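Hi,

Here is the structure I promised to pass on.

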Amino acid sequence: MDETWDHLFRKARLEPAAPRENLYRRLLSRATYLVHVAPAGLLAREKRWKADEEFFIWADQDPDFGGVWVPVFTSPEKVARYIQAREVAAPAGQDLYWMSHEPGGVWGMLETIDCFAGIRLDPGLDGGLAISWPEVNVLSEGRVPCEAPFRYELPMNQLRLPGGARVAFAPMDPELTGSEGLQAVFPDVGRPEPEDLRSLVALNIDPEVADGEDTAWAPCRHLALALKRWVESGRGASAYVEALVKCLIAFEMYGEAEAVCNWLGEQEGNEAFAWVFLSAIYGRTGRLDSCAKLCEKGIRRYSRERAFYLNQARAYSQLDDRTAARNSARRGLVQFPDDAVLRRFL
């Protein structure tokens, strides 16, 4: 079984387009381990998590967007190799412990972590196998995720590139992407990683510049990184801030979107904008209590922002608190008396 697991794992690492159904089925049937950070002096190096227990785990921050990637392991030996290879050390007064989970027990818990982008499965010196939020979400329901490539559409009608931005087109490599067609890349942000080719977004292009093709497929993370660089460069930055956040949400890169919104919210004049999108992210990722609480703050500070009333009403409705949902809608209708969507909650 271990040999079969190792074969499936290597295949997924080396061939991004390779089917993962068998790997995910085996993963759902295996115990998993996290690196737990706790006060030094516990008697055992291994610890079993309880559902009502507060804990802290070791995680890595995405260097590009700031999302959180959690290393998850399939054996205690792989935990030990990771700690040794990375020279991981606990903060002063703390120590590192293995936290074991029953098969399938870790996925739903990970989704409650702030800015959770996904997991890195069995990393060592390398990054392990990336499993992003959408796939973890399906695993949390005990199901096997669909096979890549995952295809998305832009959340806006068109995307105009800033002056001087470069885009290159080339036929997609079926061995890397699992599909054919035209691929778009942005040389200014480097080449996409092979695993980035598992999620693609359709871009409308001028057939005259791409041998008659009117659609090119860009890796979602690669396009988002280009948007972020355009924001940081100041080349029409304000035009791309909203596009960046909307794209991250549309691509189900919720951890990255949350981290970007947190960053934006710290900048003067962007708090309301950031809170609106954060509340939407909380709602989409099932953190409904957090959504309702943030919307309450938003209503008190920005009473003319319709999205706070609407997102709060939706959160309470999903929590089956119809009284609270109606109250949110009524408060919103004071500001927006003709809003048909808010009236649906009455």
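Helices here are DSSP runs of H or I with at least four residues, strands are runs of E with at least two, and both are numbered from the N terminus.

Before you read on: this is a predicted model, where local features need pLDDT of at least 70 and side-chain atom pairs count only at pLDDT 80 or more, while totals for chains, interfaces and linings use all residues. Residues are numbered from 1 along each chain as its sequence is written, and side-chain values use heavy atoms, leaving out hydrogens and water.

Next, α12. Its buried residues are A307, F308, Y309, L310, N311, Q312, A313 and A315. They pack against α10 (271-284), α11 (288-301), α13 (322-335) and α14 (340-343), with contact meaning heavy atoms within 4.5 Å. After α12 comes D320, with a positive phi near 60°.

There's also an open sheet of four strands, ordered β4-β5-β7-β8 with mixed pairing; strands pair if DSSP finds at least two bridges between them. β4 (60-61) and β8 (129-132) are the edge strands, each pairing on one side only. Strands β5 (residues 68-72) and β7 (residues 116-121) run parallel, joined by five bridges, and V70 sits opposite I119 in β7.

Cheers

Note on methods:
Buried < 20%, exposed > 50% of the residue type's maximum accessible area, 1.4 Å probe, protein only.
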